[in-house]
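Thanks for coming. I have one structure to go through today, and I will take it a few places at a time.

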Amino acid sequence: MTSPFHIEEIYSDDGSNSLRMPRRQVGNSPQGFAMTLLADYTLRTRAALPSAAIVALLTESGVTTAGARTAISRLARRGVLEGSRHGRRSSYRLSRAAAANLSSGGNWILTSTTAAAPWDRCWTIVAFSLPQDRSAQRRALRSQLRWLGYAPLYDGLWISPYELTPRARVQLEQLTLGTVTVFRGRQNVLGSISDRAPIEAWDIDAINRHYAEFLDSWTSLLPLVSSGQVDGAAAVRARTEVMDTFRRFPTLDPQLPVELLPAGWLRQPARELFAAVYDGLAQPAEQHVRAVVGRFTDSAPLGIRAHTTADLIAGVRADGGAGPAETGQPGEWQGPDPATHCDEADGPGPGRADLTARAPAVRT
């Protein structure tokens, strides 16, 4: 399995949407860092920050001045940022579309790393076949399936333990026509060495190693966070980096059922560590962002507020309210109703739970 840490996240650059979120790279790209930084402190209000302040914050985190300015310019061209000018000073804020996307994405990151729902032991299977001359469409379909929590059991057969939701179905329908079949049912075990278990579509050992590496990287910082010894630029940088790393896990481990996982699965310890660092640094990081922005404005900076994991779960809204974002989560799936057997969901007969032969239905 190729690590989803290397997949293009959220949206690719070749789509038709006016909003084009930046591609994720291994590590922290300047654009990704800038987007996370603005989201962490202005998502609720969409406050405009002086471009000089954004550059200063990014350079504190190791981005070069030229790289910071280029990142801002490219995010503006993508529609992620909106620019304005007052005299000789330029400012930027998150666009409404980007804020909505990041709000729903933040909610998804937290809710999809909670304990998985009870599983009915059924699988959703997406089978597709696209001609060789439609390689771009094939890549887009695979990227969307990965983002929705699916993995390839075979080249043209992708699976998930959870139901395909109506919104996810609409997302997949937009990618291709008449070349995908989706159905849901139980595995018929052959009981031979040639029988491949569906869970083998995911590299379980590799996923757990990523969790272990995350824990190894951040556990040593926790005592310093708890004692208030991390502040200023270090707090901002650590908070941005821990978010930029942790948000990849929902695609890497899309709430795989605990029944299929080995003992000692590290999903929950990693989530708890992330929350401790991200929430523990919220106040000193917010104070530093305010101080830096204040150096480039004539009045006290307004609209800067660090949100916590509780805010993300509640749903940080760009209009200043709280609640689930209207745009829906970028990758959406749901566990089945434990009271409903997968063979009974759509009518009698085996494998009838979610049988469709219609138009379909992020990091390789």
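By contact I mean heavy atoms within 4.5 Å. One more thing before the details: what you see is a predicted model.

With that definition, let me start at Asp 311. Not counting residues up to four places away in sequence, Asp 311 touches Arg 44, Arg 305 and Val 316. Its place is in helix H13, which covers residues 309-314. Is Asp 311 buried or exposed? The cut-off for buried is under 20% relative accessible area. Asp 311 has 18%, so it counts as buried. Its side chain also reaches the backbone nitrogen of Thr 308, at 3.0 Å.

Next, helix H1, residues 30-42. H1 has 13 residues, and from its first C-alpha to its last it reaches 18 Å. That is close to the 18 Å expected at 1.5 Å a residue. How many of the residues of H1 are buried? The count is 12 of the 13, so H1 is largely enclosed by the rest of the structure. Among the buried residues are Phe 33, Thr 36, Leu 37 and Asp 40.

As a general point, an α-helix has 3.6 residues a turn, so residues three or four places apart point the same way. Thr 240 itself counts as buried because its relative accessibility is 0%. The side chain of Thr 240 reaches the backbone oxygen of Val 236 at 2.9 Å.

Staying with H1, there is also its packing against helix H3, residues 65-78. How do the two axes lie? They come within 9 Å and cross at roughly 75°. Angles of 65 to 115 degrees count as roughly perpendicular, and H1 and H3 are therefore roughly perpendicular to each other. On the H1 side the residues involved are Pro 30, Gln 31, Ala 34 and Met 35. On the H3 side they meet Gly 67, Ala 71, Arg 74, Leu 75 and Arg 78. By class, this contact has 5 nonpolar, 2 polar and 2 charged residues.

Now helix H11, residues 267-280. H11 has 14 residues and reaches 20 Å from first C-alpha to last, close to the 20 Å expected at 1.5 Å a residue. Its buried residues include Arg 267, Arg 271, Phe 274 and Tyr 278. Gly 280 is also found in H11, and with 34% relative accessibility Gly 280 counts as partly exposed. Which residues does Gly 280 touch, not counting those up to four places away in sequence? They are Val 225 and Ala 275. Gly 280 and Ser 227 are 53 residues apart in sequence, and their C-alpha atoms are 9.7 Å apart in space.

Phe 296 sits in the loop between helix H12 (282-294) and H13. Phe 296 and Ala 53 are 243 residues apart in sequence, with 6.3 Å from C-alpha to C-alpha. Leaving aside neighbours within four places in sequence, Phe 296 is in contact with Pro 50, Ala 52, Ala 53, Ala 56 and Arg 89. Its relative accessible area is 25%, so Phe 296 is partly exposed.

The other pair is Leu 252 and Ala 151. They are 101 residues apart along the chain, and their C-alpha atoms are separated by 9.6 Å. Leu 252 lies in helix H10 and is buried, with a relative accessible area of 0%.

Last, a point on backbone angles. Arg 121 is not a glycine, yet it has a positive phi of about 65°. Arg 121 is in the loop between helix H4 (96-111) and strand E4 (123-128). Gln 255 also has a positive phi, near 55°, and is a residue other than glycine. Gln 255 lies in the loop between helix H10 (249-252) and H11. Which of the accessibility classes do they fall in? Arg 121 is partly exposed, at 47% relative accessible area, whereas Gln 255 is buried, at 13%.

That is what I have. Questions are welcome.

How values were computed. Residues numbered from 1 in each chain as written. Predicted model: local features only at pLDDT ≥ 70, side-chain atom pairs only at ≥ 80, totals over all residues. Heavy atoms only, no water. Helix = DSSP H or I, 4+ residues; strand = E, 2+ residues; numbered from the N terminus. Buried < 20%, exposed > 50% of the residue type's maximum accessible area, 1.4 Å probe, protein only. Polar contact = N/O pair within 3.5 Å; in protein donor to acceptor, adjacent residues only side chain to side chain. Expected span 1.5 Å × (residues − 1). Axes fitted to C-alpha atoms, helices over the stretch in contact; angles between N-to-C directions. Parallel < 35°, antiparallel > 145°, perpendicular 65-115°, else oblique. Nonpolar A, V, L, I, M, F, W, Y, C, P; charged D, E, K, R; others polar.
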